[in-house]
Amino acid sequence: MEAGARGMHWKLLILSCLLVDGMSQDFGQTQFICTSVPKDMDICAATLQNSVPGEDLKSTVMQLRETVLQQKETIMNQKETIRELTSKLTRCESQSASEPGDARVGGRRKEMGTKNTMGDVSRGPTDTLAQLSRTLQSLKQRLENLEQFSRNNNSVQANSLKDLLQTKIDDLEKQVLSRVNGLEEGKPGLRNESEQRGRVESTLTSLHQRITDLEKGQKENRPLDKFQLTFPLRTNYMYAKVKKSLPEMYAFTVCMWLKSNASPGVGTPFSYAVPGQANELVLIEWGNNPMEMLINDKVAKLPFLINDGKWHHICITWTTRDGVWEAYQDGVMRGNGDSLAPYHPIKPQGVLILGQEQDTLGGGFDATQAFVGDMANFNIWDRKLSVGEIYNLATCSSKAQVGNVFSWLETSIEIYGGASKWTFEACRQLN
């Protein structure tokens, strides 16, 4: 029995214990390591022999503690991410209830930073007022166009409806002004911000629908090419889609009328994406950068200055040989260059979008890159137009041609998300 006990002593595992404050003797931060050793072994030798396992145990405990802290931090970050995503989803659903259309996300290129998918959603009373003001201005412009149309056609019904809508818009402007005064004076009535905003946006939605219905009546009386597209707000769901794709092109000319006072940057008048390349052909003015033409992700900076709130005619020509390009504004060449995607033909079977930049084929829109303003007479040719031909387009000459690849017709495009069409004739309604 005694021999067995001695054998047990030799096989005892090392036991470590940490003595903390509060015991009969106060040793401060001192740690005591209690170790069981065989009966006949020298205590000092046993202490030296077992010091290494004690250090290993301490290191293991510290590593476990660090792992637990890292996991706790990861969980907190995930909770914050979930909270932000939930908040954005709630705002998206709220916006979808008042504005129809797709809510997509995306961005032009990675170096542009975090993609903004909620550029159209107000984040406070001041943003709300700014958005309402832009919407009211858009509705007023459309009413002015309807008024001109009704005068030309002596339409009694259009006049009466126009007067009714104008009265309602005047009432809305008074409400906005009242809210501005409330913000400046800090009135307690702002507690009902959400309720007031809901009422105003509901009225705006109704007005938008009635004006749209009235505008539809004009389509029966106007030529299919005498119209313009209006993109009043910077959103990621307002755009127009060309119904057919582009063919393979070894040269092109693209021309259009644009009007915008957006800042910074007018956005993306058009983008053409193909499978495997979202930036096959893009015209964009993003942030404080100059306007750019992208072909197969290669970039040329264009010397256009158009965000003055006036109509401007612009044309860009390009040939695959040496990548030679020219840029025209209001019939005058403002810049040229070469080596823009040389010997790369424009690929077919893509999607052509007006008003948004595509980050994926037909989607991936970013509100910060959306076009804000008016567009008309968008045409594409599969050749380089001459200086004289471009001048004829800019001056509305009777000799002006329409695009042989894409010509500006109402039946050729579909609009989404609140973009609107209304009557426009170049050079008769300029500025």
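User: Which residue lies over the face of F227, and at what distance from the ring centre?
Analyst: In this predicted model, K421 lies over the face of F227, with 5.9 Å to the ring centre.

User: F227 is also part of an aromatic pair. How is such a pair described?
Analyst: Two values describe a pair of aromatic rings: the distance of the centres and the angle of the planes. The structure holds 8 aromatic pairs. In the one formed by F227 and W408, the centres are 4.4 Å apart and the planes make an angle of 5°, a stacked arrangement. The pair links distant parts of the chain, with F227 in strand β1 (residues 227–231) and W408 in the loop between α7 and β13, 181 residues apart.

User: Are F227 and W408 buried or exposed?
Analyst: Both residues, F227 and W408, are buried. A further stacked pair consists of Y239 and Y416, at 4.8 Å centre to centre and 20° between the planes. Y239 belongs to strand β2 (residues 239–242) and Y416 to strand β13, so this pair ties together parts 177 residues apart in sequence.

User: How accessible are Y239 and Y416?
Analyst: Y239 has a relative accessible area of 4% and is buried. Y416, at 30% relative accessibility, is partly exposed. Together with F365, Y239 and Y416 form one aromatic cluster.

User: Where do nonpolar side chains tend to be in soluble globular proteins?
Analyst: In soluble globular proteins they tend to be buried together. Here the largest nonpolar core has 50 residues, of which F270, M293 and F378 touch the most other members. Strand β3 supplies the largest share of this core, 5 residues.

User: Which residues does F378 touch, apart from those up to four places away in sequence?
Analyst: F378 touches V254, C255, M256, F270, L352, L354, F406, S407 and W408. A second, separate core of 7 residues includes C255, C315, Y328 and L393.

User: C255 and C315 are both in that second core. How many disulfides does the structure have?
Analyst: A search of the whole structure finds 2 disulfides. One of them joins C255 to C315, with an S to S distance of 2.0 Å. The torsion about their S-S bond is about 120°, so this disulfide is right-handed. C255 lies in strand β3 and C315 in strand β8, so the pair ties together parts 60 residues apart in sequence. C255 is buried at 1% relative accessibility, and C315 is buried at 1% as well.

User: What is the sulfur separation in the disulfide of C396 and C427?
Analyst: The sulfur atoms of C396 and C427 are 1.8 Å apart. The torsion about the S-S bond is about 80°, so the disulfide of C396 and C427 is right-handed. C396 is in the loop between α7 and β13 and C427 in the segment after β14 (420–423), 31 residues apart. C396 is partly exposed at 29% relative accessibility, and C427 is partly exposed with a relative accessible area of 34%. With the bonded cysteines numbered in sequence order, the pairing is 1-2, 3-4.

User: Which residues of α7 are buried, and what do they pack against?
Analyst: In an α-helix there are 3.6 residues a turn, so residues three or four places apart point the same way. The buried residues of α7 are E389, I390, N392, L393 and A394. They pack against β3, β8 (311–319), β9 and β12 (373–381).

User: Which residues is P342 in contact with, leaving aside neighbours within four places in sequence?
Analyst: P342 is in contact with T320, D322 and G323. P342 is located in the loop between β10 and β11 (351–354) and is partly exposed at 37% relative accessibility. The C-alpha atoms of P342 and I295 are separated by 9.5 Å, the two residues being 47 apart along the chain.

How values were computed: Residues numbered from 1 in each chain as written. Predicted model: local features only at pLDDT ≥ 70, side-chain atom pairs only at ≥ 80, totals over all residues. Heavy atoms only, no water. Buried < 20%, exposed > 50% of the residue type's maximum accessible area, 1.4 Å probe, protein only. Core = buried A, V, L, I, M, F, W, Y, C linked by side-chain atoms within 4.5 Å. Helix = DSSP H or I, 4+ residues; strand = E, 2+ residues; numbered from the N terminus. Contact = heavy atoms within 4.5 Å. Phe/Tyr/Trp six-rings, centres within 6.5 Å; stacked < 30°, edge-to-face > 60°. Lys NZ or Arg CZ within 6 Å of the ring centre and 35° of its normal. Disulfide = S-S within 2.5 Å.
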